[in-house]
Amino acid sequence: ADDDLVYKMRTEIEQGKICLYSMDENSKRIKEHCAANGMACVYENGYITLLKGNWKIRLEKVFNIPLTFGGKAEFNIQNVMAASLACYMQGFKIEDIRQALLTFVPSPAQTPGRMNLFKFKEFSVMVDYAHNAHGMRAIGKFLDKVEAKRKIGVIAGVGDRRDSDIVEIGVEAGKIFDEIVIRQDRNMRGRDEKEIIDLMIKGIESVDKKIKIHVIPNESEAIEFVIKKHAKKDDFIVISSDVVPDALDQIIKYKEEDISGFGMM
């Protein structure tokens, strides 16, 4: 209900029941929908809350839901609301929905490549498959609530997008990172390496011409650089991965070395 284009789509649906969700418990659209006995979900007073007509059910406190990272990941609060509505409308019991929310933990095993957080001894690394401006913007909202000495991003453009789309990824990255490593996807999707890199740099420098940019096209080498050679105490590193299983294996290996005290510089 918070997005004008998505909200408009409800008029085009011919079958099924319309459910709305919103980050604003006082949303006029939600209130009108519920007044017509519609089903909704809102982020209300720190809770994921189901609404219908005049009744409401508080599912769970957002802080307790692992996917929301203590409420820092706003986009996952939205995802949780949509998933909760879908489950409730399919007849799942409130208790079962609540239990699922409390036990679904973002991790390489359950959500590979989606906000996988690794806490090293002196810094943190997060892997997320953010390959467009919208995804990068969502990461930015999360990072706004993360304290770190430096926020470093390993990012890439996607070859089969418009020039403006690739530039926009650079723009969003320039807004949220103190330092950026540009890498390349394995599949260039019709473009050459220099073309994508130049567009990314154009976007980044439109925000800040002084931001430090490293260009390391190979993903494995880029990950090695930021973790083993460049990371400092209290850094927060975000890696936008292409081949997620390979990236996770590499990071887990470095994490194990960090714990054992071997292999890290």
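Modeller: A patch is made of residues with over 30% relative accessible area and no salt bridge, with like charges joined within 9 Å. A salt bridge is a side-chain nitrogen of Lys or Arg within 4 Å of a carboxyl oxygen of Asp or Glu. Lys and Arg count as positive, and the place of a Lys charge is taken as NZ. The areas come from the Shrake-Rupley method with a 1.4 Å probe.

The model is predicted: local features need pLDDT of at least 70, side-chain atom pairs count only at pLDDT 80 or more, and totals for chains, interfaces and linings use all residues. Residues are numbered from 1 along each chain as its sequence is written, and side-chain values use heavy atoms, with hydrogens and water left out.

Helices (H or I, at least four residues) and strands (E, at least two) are DSSP runs, numbered from the N terminus. At the start of helix 8, a side-chain oxygen of asparagine 218 comes to within 3.1 Å of the backbone nitrogen of serine 220.

Aspartate 234 has a positive phi of about 70° although it is not a glycine. Most residues other than glycine have a negative phi. Aspartate 234 is partly exposed, at 38% relative accessible area; partly exposed lies between buried and exposed, the latter being over 50%.

On the surface, Lys232 and Lys233 gather with Lys149 and Lys212 in a patch of positive charge. Lysine 212 belongs to strand 9 (residues 212–215) and is partly exposed, with a relative accessible area of 47%.

Definitions and conventions
Buried < 20%, exposed > 50% of the residue type's maximum accessible area, 1.4 Å probe, protein only. Polar contact = N/O pair within 3.5 Å; in protein donor to acceptor, adjacent residues only side chain to side chain. Patch = residues over 30% accessible without salt bridge, like charges linked within 9 Å, V, L, I, M, F, W, Y side chains within 5 Å.
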